[in-house]
Amino acid sequence: MELLYSDKDIAVCIKPPGISSEEGPEGLPAVLRQALGGEIFPVHRLDLNVGGVMVYARTKAAAGRLSQAVQSGAMVKEYLALVHGQPSPPEGIWEDLLWKDSQKNKVFVVTRPRRGVKAARLAYRLLEAQESQSLVHIRLYTGRSHQIRVQFASRGYPLLGDHKYGSRDPAKAPALWSFRLTFPHPATGKDAVFQRLPSPEAGFPALGADIPPLG
């Protein structure tokens with residue numbers, strides 16, 4: 001775990017893939033409590049095998065304000081992903097209805113609303129394309145379980161290493177990274193922006209720091 005920033009209200013860190021973002025004896029909240037002391041309150045999550053930038057609250061008041069930012073869309077989450085194929089068109093917005101099978105821990109795109117179905121929306125932009133794979137910039141407008149993974153896989157572009165959703169790549173984890181997080185600071189209300197690009201060791205190409213925001 002790498003700490004990017006902390007004050008009395010928030011802690012911003014890099015979540016390594018393979019460490020839970022949620023409560024538990026080996027989860028990131030416990031690691032942050034040991035490093036910083038005091039309380040740590042989760043306000044959003046990343047899948048176990050996904051890494052990148054996360055923010056945690058250090059007070060109940062800050063947790064309430066950050067949770068409200070998540071619900072209202074004021075917290076902007078941007079990702080980088082490596083996908084099979086080349087999404088077409090090269091930029092757009094996808095909206096789907098998603099249903100989660102909790103027993104299988106798998107999400108499906110469905111065509112009609114029913115109990116447990118949730119609307120999902122994201123924007124994407126193609127950054128680099130090769131013959132068999134592409135680097136994609138993604139902004140989430142909703143935070144559904146496995147959302148990025150299933151929305152891309154349902155269109156024939158599964159993430160590299162995402163064997164649950166159709167990838168046959170030998171990588172052991174989905175090629176997905178939370179690279180930029182923007183949110184109103186719970187104390188000042190001013191936008192705070194934190195960014196970290198994935199390392200080439202994670203399988204991503206070398207990237208310049210100037211990736212314009214989506215949306």
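**Notebook: Arg180 and its surroundings**

I began with the neighbours of Arg180: leaving aside those within four places in sequence, Arg180 is in contact with Val76, Lys77, Glu78, His137, Val193, Phe194, Gln195, Ile211, Pro212 and Pro213. A caution to myself before going on: this is a predicted model.

**Entry 1, Arg180.** I looked up where this arginine lies, and Arg180 is found in strand S10. Is Arg180 buried or exposed? Arg180 has 6% relative accessibility, and since the cut-off for buried is under 20%, Arg180 counts as buried. Next I asked what the side chain of Arg180 reaches. I found a polar contact with the side chain of Glu78, at 2.9 Å. I also found the backbone oxygen of Ile211, which the Arg180 side chain reaches at 2.7 Å.

I followed the contact across to the glutamate. Glu78 is found in strand S5, and with a relative accessible area of 2% Glu78 is buried.

How many aromatic pairs does the structure hold? I count 7. One of them is Phe183 with Phe194, and this pair is stacked, at 6.0 Å centre to centre with 20° between the planes. Phe183 counts as buried at 0% relative accessibility, and Phe194 counts as buried at 15%. Elsewhere I found a cluster in which ring pairs link Trp94, Tyr124, Phe152 and Tyr157.

I looked for charges lying over rings and wrote down two cases.
- Arg114 lies over the face of Trp99, 5.3 Å from the ring centre.
- Arg121 has its charged end over the ring of Tyr141, 4.5 Å from the centre.

I went to the backbone next. Most residues other than glycine have a negative phi, and most peptide bonds are trans. Which residues does a cis peptide bond join? The answer is Ser88 and Pro89, with omega about 0°. Pro89 has its place in the loop between strand S5 (76-84) and strand S6 (91-101). Asn105 has a positive phi, near 50°. Asn105 is in the loop between S6 and strand S7 (106-110), and at 36% relative accessibility Asn105 counts as partly exposed. His146 also has a positive phi, near 60°. His146 is found in the loop between strand S9 (133-140) and helix H3 (147-153). Is His146 buried or exposed? At 7% relative accessibility, His146 counts as buried.

I stepped back and counted elements: the protein has 3 helices and 11 strands. From the N terminus on, I read the order as β-β-α-β-β-α-β-β-β-β-β-α-β-β. Along the principal axes, the C-alpha atoms fill a box of roughly 45 × 45 × 35 Å. I checked the radius of gyration too: a compact globule with 215 residues would have one near 17 Å, and the protein agrees, at 17 Å. How much of the protein counts as buried? I get 45% of the 215 residues. The protein exposes about 10900 Å², and 50% of that comes from carbon and sulfur atoms. Finally I looked at contacts between residues at least 6 apart in sequence: 60% of them join residues at least 24 apart.

Key
Residues are numbered from 1 along each chain as its sequence is written. This is a predicted model: local features need pLDDT of at least 70, side-chain atom pairs count only at pLDDT 80 or more; totals for chains, interfaces and linings use all residues. Side-chain values use heavy atoms; hydrogens and water are left out. Rings of Phe, Tyr and Trp (its six-membered ring) pair if their centres lie within 6.5 Å; planes under 30 degrees apart count as stacked, over 60 as edge-to-face and the rest as tilted. Buried means under 20% relative accessible area, exposed over 50%, partly exposed in between (1.4 Å probe, protein chains only). A charge sits over a ring if NZ of Lys or CZ of Arg is within 6 Å of the ring centre and within 35 degrees of the ring normal. Helices (H or I, at least four residues) and strands (E, at least two) are DSSP runs, numbered from the N terminus. The radius of gyration is taken over C-alpha atoms; the globule rule is 2.2 Å times the number of residues to the power 0.38. Contact means heavy atoms within 4.5 Å. Accessible areas come from the Shrake-Rupley method with a 1.4 Å probe; for residues, only the protein chains shown count as cover. A polar contact is a pair of N or O atoms within 3.5 Å; within protein, one must be able to donate a hydrogen and the other to accept it, and residues adjacent in sequence count only if both atoms are side-chain atoms.
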